[in-house]
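Here's a quick briefing to read alongside the model.

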Amino acid sequence: MDLGISGKRALVCASSKGLGRGCAEALAAEGVHLVMNARGSDALEEAAAAIRSDHGVEVTTVTADITTEEGRAAVLAAAGDVDILVTNAGGPPPGMWTDWDRDDFIGALDANMLTPIALMKALVPGMMDRGWGRVVNITSVSVKSPVAVLGLSNSARAGLTGYVAGTSRQVAGKGVIINNLLPGIHDTDRATALDGGVSKSEGISMEAARTKREATIPVGRYGTAAEFGAACAFLCSAHSGFIVGQNLLLDGGATNATL
Ligand code: NAP
């Protein structure tokens with residue numbers, strides 16, 4: 001299927017590795033020019049070079065922390081008038097419900113709620129003026145089914161989900177389509193870190209922690225960044241214009257729910 005977005009420009013945040021990189025790769029494969037971002041420049045430049053060489057698209061890189069005001073200003077200055085926005089940032093650390101104080105919550109809200117909102121506020125007006133735009137927010141399975149040790153993530157991402165639910169309906173009439181992608185466990189550094197937490201707290205090997213988690217997923221494995229990117233590219237495509245404010249779960253069936 002031709003996704004109908006060749007020649008468009010996308011900002012993909014936090015995209016040197018993992019799910020963000022999967023989204024960047026899938027968009028580039030459709031001929032979309034990219035602005036990519038991460039805090040570390042080595043992996044970012046490596047990813048950008050590989051994408052330029054594999055897909056022949058223009059890739060601009062911005063080394064910056066997307067969760068800070070200065071970082072966002074640098075990224076937005078380089079991005080200019082993009083047609084597609086994929087918001088993403090690292091996830092908050094796991095812990096117990098008693099562990100976190102106000103500063104921890106402010107950090108999580110900044111990273112996983114207020115940063116995507118600031119990016120949408122900066123870029124969606126231009127998309128509305130031009131009559132076409134796509135936004136995909138990478139959130140988490142935790143907004144549908146809480147992950148008990150990820151209380152900071154559960155809280156901050158629920159806030160973003162509420163904001164998107166209303167906002168997506170306010171802008172859809174101008175051709176701007178906003179949806180959220182909810183990853184369950186995917187084979188990235190984040191999954192390795194989460195498995196590390198289980199390995200430590202339960203005194204089991206990393207392999208055992210992974211096998212244990214895989215047994216909870218109906219497809220019996222972790223998702224891949226490529227699968228995730230393909231779903232993102234579809235939501236950014238010319239064909240997604242009637243899909244508004246949805247929360248698409250990509251979890252291999254792990255969430256046991258009818259709807
Ligand atoms: P990952 O493999 O750890 O990759 C994170 C990427 O984001 C890297 O490119 C990293 O590069 C960049 N990044 C992190 N913090 C950033 C910041 N403040 N500013 C700019 N770039 C930043 O993570 P992932 O698995 O792709 O996860 C992406 C998001 O999905 C996270 O919020 C995670 O919590 C969520 N999620 C993931 C899973 C999963 O199973 N993988 C499941 C549910 C939710 P630098 O470190 O160089 O900045």
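Strand β1 (residues 9–12) runs parallel to β2, and four bridges join the two. Helices (H or I, at least four residues) and strands (E, at least two) are DSSP runs numbered from the N terminus, and two strands pair if DSSP finds at least two bridges between them. This is a predicted model, where local features need pLDDT of at least 70, side-chain atom pairs count only at pLDDT 80 or more, and totals for chains, interfaces and linings use all residues. Residues are numbered from 1 along each chain as its sequence is written, and side-chain values use heavy atoms, with hydrogens and water left out.

**Strands and crossovers**
- L11 has V35 in β2 as its bridge partner.
- On to the next pairing: β2 and β3 (residues 59–63) are parallel over five bridges, with L34 partnered by V59 in β3.
- Helix α1 (residues 18–29) sits between β1 and β2 in a right-handed β-α-β unit, and β2, helix α2 (residues 41–55) and β3 make a right-handed one too. Right-handed means that, with the strands pointing away from the viewer, the path from the first strand over the helix to the second runs clockwise.
- Five of the six residues in β2 (residues 33–38) are buried (under 20% relative accessible area; exposed is over 50%, partly exposed in between; 1.4 Å probe, protein chains only).

**Charges over rings**
- K8 lies over the face of W132, 4.3 Å from the ring centre.
- R210 puts its charged end over the ring of Y222, 4.1 Å from the centre.
- The cut-offs here are NZ of Lys or CZ of Arg within 6 Å of the ring centre and within 35 degrees of the ring normal.
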